[in-house]
Amino acid sequence: MTHQHQHTSSVRILGLCIGVNLLFVAAEAVIGWYSNSSGLLSDAGHNLSDVLGLVLSLVALLLARRGNPNSRRVSLRVTLMNGLLLLLTIGLIVADCAEQILNLKAVNSTAIILTAGIGIVINGLTAWWLTRSGEEDLNIRAAFLHAATDTLVSVGVVAAGVAIYFTGWTLLDPIVSLVISVVILMPTVRLICDTIRSYKNLQ
């Protein structure tokens, strides 16, 4: 009964996280476009990949709830897809930063600070909600990793926005995004390795 309650709670929490983050992604992408911020656009792209990851996690939980005999395998495959999705996002962020460095543009630092500040709140709440789900598997761990790294990205973007506001050095925007990408890469690779190891143990 308790396990069933945990699944129900997790499904609701994931649904809430998907809805809130999807709205924020749309707002952040629009503001990032108009403010010429690669940091905000990169963060929006990363958040979008996280929304897709949350959707995959929700699908895996629903399969497990219905007693699908292959739910564990599906969950691990979903987690692996989440990890690979993060790697793809990191690659896109790096490519966008390279383009921004080669073609520097004036950015609206105030818009960057306010939008990324909201992102810290939303991503922090998402991470907290996921810890409240009661689930302890790689699938939820992957979703939590997405939210936690998003919070880190938003903190970096705010820091870049504040620095640009006081110095006018727009190069900080892509540089901070590159640094954050490296930080995200390490736990992502670890998650992928853990998932592959767990999958092999099922064989």
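This is a predicted model: local features need pLDDT of at least 70, side-chain atom pairs count only at pLDDT 80 or more; totals for chains, interfaces and linings use all residues.
A search through the whole structure turns up one salt bridge, and it pairs Arg-197 with Asp-194. Here is a quick tour of these residues.

**Glu-28 in helix H1**
- Glu-28 belongs to helix H1, which covers residues 2-35.
- Setting aside neighbours within four places in sequence, Glu-28 makes contact with Leu-40, Asp-43, Ala-44, Asn-47 and Thr-115.

**Ser-154 in helix H5**
- Ser-154 sits in helix H5, made up of residues 138-167.
- Not counting residues up to four places away in sequence, Ser-154 touches Asp-43, Ala-116, Gly-119, Ile-120 and Asn-123.

- The closest N and O atoms of Arg-197 and Asp-194 are 2.8 Å apart.
- Both partners lie in helix H6 (residues 172-202), where they are three residues apart, or about one turn of the helix.
- Arg-197 has a relative accessibility of 48%, so this residue counts as partly exposed.
- Asp-194 has a relative accessible area of 18% and is therefore buried, because the cut-off for buried is under 20%.
- The bridge between Arg-197 and Asp-194 thus joins a partly exposed residue, Arg-197, to a buried one, Asp-194.

How values were computed:
Residues are numbered from 1 along each chain as its sequence is written. Side-chain values use heavy atoms; hydrogens and water are left out. A salt bridge is a side-chain nitrogen of Lys or Arg within 4 Å of a carboxyl oxygen of Asp or Glu. Helices (H or I, at least four residues) and strands (E, at least two) are DSSP runs, numbered from the N terminus. Buried means under 20% relative accessible area, exposed over 50%, partly exposed in between (1.4 Å probe, protein chains only). Contact means heavy atoms within 4.5 Å.
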